[in-house]
Amino acid sequence: MKQHLYTQGARTFWIHNTGPIGCLPSTLLTITNPPPGFLDNHGCVKSQNDIAQEFNRQLKSRVMKLRTDLPHAAITYVDIYAAKYGLISSSKQHGFVEARKICCGYHKNGIDVGCGGILALPNGTQISGPSCEDPSTYISWDGVHYTEAANHWIASRLINGSFSDPPIPITHACYTTS
């Protein structure tokens with residue numbers, strides 16, 4: 001696809017890898033009493049993050065090859081995994097609640113009601129999945145998607161180039177480095 005875009009005149013590509021899927025709160029909801037080594041030091045599913053990191057390793061290798069194959073293109077590889085994992089691993093230091101917590105929805109005592117959903121119980125009562133009071137303190141909106149505040153935190157670190165290869169701010173990403 002990139003070669004096709006390149007032949008059509010595209011010269012600037014900003015390619016980001018995948019995030020730490022083993023840290024998604026929706027993944028962690030059903031995990032109780034995991035065996036030793038199942039979770040990493042930050043409570044994420046190690047095997048899922050290993051898969052994400054292998055994908056990212058292969059993607060970066062392909063990006064390096066594309067730089068050779070498309071010499072007049074400015075190709076920036078962005079390590080979204082590192083940015084998101086950095087936030088997750090130090091959520092409280094950055095003013096967020098525990099990274100596993102979900103802002104929107106009801107997830108208690110084995111009952112899961114998605115964001116905005118309603119679950120009718122056999123006794124006639126209902127459980128709803130409302131939003132939290134202050135989304136700006138949460139990383140996860142609904143167990144899969146990041147909140148606006150978390151996305152802002154991540155974006156502010158991406159745009160300066162500290163998670164990019166080459167390490168250039170986004171304002172310079174359209175220029176080749178060769």
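The following conversation goes through several features of a predicted model and the reasoning behind the words used for them.

Visitor: What makes the link of Cys23 and Cys44 a disulfide?

Guide: The sulfur atoms of Cys23 and Cys44 are 2.0 Å apart, and a pair of cysteine sulfur atoms within 2.5 Å is what the term requires, so Cys23 and Cys44 are called a disulfide. The pair links distant parts of the chain, with Cys23 in the loop between strand E1 (12–16) and helix H2 (25–28), and Cys44, 21 residues apart from it, in the loop between H2 and helix H3 (46–69). Both cysteines, Cys23 and Cys44, are buried, and the link is right-handed, with 105 degrees about the S-S bond.

Visitor: How many disulfides does the same rule give, and what is the pairing of the bonded cysteines in sequence order?

Guide: The count comes to 3 disulfides, and when the bonded cysteines of the chain are numbered in sequence order, the pairing reads 1-2, 3-6, 4-5.

Visitor: Which parts does the disulfide of Cys103 and Cys132 tie together, and which handedness does it have?

Guide: Cys103 and Cys132 are joined with an S to S distance of 2.0 Å, and with -80 degrees about the S-S bond their link is left-handed. Because Cys103 lies in the loop between helix H4 (80–89) and strand E3 (106–108), and Cys132 in the loop between strand E6 (126–128) and helix H5 (148–158), the pair ties together parts that are 29 residues apart in sequence.

Visitor: Why do Cys103 and Cys132 count as buried?

Guide: The word applies under 20% relative accessible area; Cys103 is at 3% relative accessibility and therefore counts as buried, and Cys132, at 15%, therefore counts as buried too.

Visitor: Why is the disulfide of Cys104 and Cys115 called right-handed?

Guide: The torsion about the S-S bond of Cys104 and Cys115 is about 75 degrees, so this disulfide is right-handed. Cys104 lies in the loop between H4 and E3, and Cys115 in the loop between strand E4 (111–113) and strand E5 (118–120), so the pair ties together parts that are 11 residues apart in sequence.

Visitor: What makes the rings of Tyr81 and Tyr85 a stacked pair?

Guide: The structure holds 1 aromatic pair. The ring centres of Tyr81 and Tyr85 are 5.8 Å apart and the planes stand at 10 degrees; a pair needs centres within 6.5 Å, and planes under 30 degrees apart count as stacked, so this pair is stacked. Being 4 residues apart in helix H4, Tyr81 and Tyr85 are separated by about one helical turn, and both Tyr81 and Tyr85 are buried.

Visitor: How do you know that the charged end of Arg11 sits over the ring of Tyr6?

Guide: The charged end of Arg11 is 3.8 Å from the centre of the Tyr6 ring, and the limit on that distance is 6 Å, together with a limit of 35 degrees from the ring normal; the charge of Arg11 is accordingly listed as sitting over the ring.

Visitor: What makes E1 and E7 the edge strands of the sheet?

Guide: The sheet is open, with 3 strands in the order E1-E2-E7 and mixed pairing, and E1 and strand E7 (164–165) are its edges in that each pairs on one side only.

Visitor: Which peptide bond is cis, with omega near 0 degrees?

Guide: The peptide bond from Asp165 to Pro166 is cis, and Pro166 has its place in the segment after E7.

Key:
Residues are numbered from 1 along each chain as its sequence is written. This is a predicted model: local features need pLDDT of at least 70, side-chain atom pairs count only at pLDDT 80 or more; totals for chains, interfaces and linings use all residues. Side-chain values use heavy atoms; hydrogens and water are left out. Helices (H or I, at least four residues) and strands (E, at least two) are DSSP runs, numbered from the N terminus. Buried means under 20% relative accessible area, exposed over 50%, partly exposed in between (1.4 Å probe, protein chains only). Rings of Phe, Tyr and Trp (its six-membered ring) pair if their centres lie within 6.5 Å; planes under 30 degrees apart count as stacked, over 60 as edge-to-face and the rest as tilted. Two strands pair if DSSP finds at least two bridges between them.
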